[in-house]
Amino acid sequence: QLVHAFVSLKMAEGDAQADNVMRVMYVDKLVLNISVGESGDRVTRAGKVLQQLTEQEPCYSRARYTVRTFGIRRNEKISTYVTVRGEKAKDIIAKGLAVKEFELRRRNFSNTGNWGFGISEHIDLGLKYDPNAGIYGMDFFVVMKRAGDRVSKRKLRKGKVGTRQRISRDDSVAWFEKEWNEDFAKVLN
């Protein structure tokens, strides 16, 4: 009888944990990156592709040092990226996952719970093909968060996020499969 009471207490605790708002995971931001590998007109056209997809102004990354074999010089613009948040980020992630048929590998998920994938042609996202711009591949990187993460980022009274509150790879995989389960999302080994 005592064991039965303990089991029912544990089950009630599990239900309370499911309703805990501090345990809810969500997408903090999506970073889209097109790494062209050379400067000039191709980078600006890649930026226009990102602007067309996200309706935001993209930023440009510069080369850290000169690599003669790649033909790039230090401080030359070689890639473009944009950070998207909110509902727009979830819509773009859904488009990107549709290209990947909602299948990711376990290695797509980092130990900190963030995950990413790449697509080889941007026109698969539903963008119109422009012969002047060409076709670009892009990287999607999704940053996951839980409530309370600001504790480690704020300036005053900075603290550590507890181990139970940190997002692990398994948490992120479970969230991914639950979030897109109507699309038969799965994570392969």
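A residue is called buried when its relative accessible area is under 20%, exposed when over 50%, and partly exposed in between (1.4 Å probe, protein chains only). Helices (H or I, at least four residues) and strands (E, at least two) are DSSP runs, numbered from the N terminus.

The model is predicted: local features need pLDDT of at least 70, side-chain atom pairs count only at pLDDT 80 or more, and totals for chains, interfaces and linings use all residues. Residues are numbered from 1 along each chain as its sequence is written, and side-chain values use heavy atoms, with hydrogens and water left out.

In helix α4 (residues 169-179), the buried residues are S172, V173, W175 and F176. They lie on the same side of α4, because they cover an arc of only 165 degrees around the axis, taken from the directions from the helix axis to the C-beta atoms. These buried residues pack against several elements, including β5 and β6.

Strand β5 (residues 115-119) has 4 of its 5 residues buried, so it is largely enclosed by the rest of the structure. β5 and strand β6 (residues 138-146) run antiparallel and are joined by 5 bridges; two strands pair if DSSP finds at least two bridges between them. I119 has M138 as its bridge partner in β6.

| Residue | Relative accessible area | Class |
|---|---|---|
| V21 | 63% | exposed |
| E38 | 35% | partly exposed |

V21 sits in the loop between α1 (2-19) and β1. E38 belongs to the loop between β1 and α2 (41-54). Beyond its neighbours within four places in sequence, E38 is in contact (heavy atoms within 4.5 Å) with V43, I72, K77 and I78.
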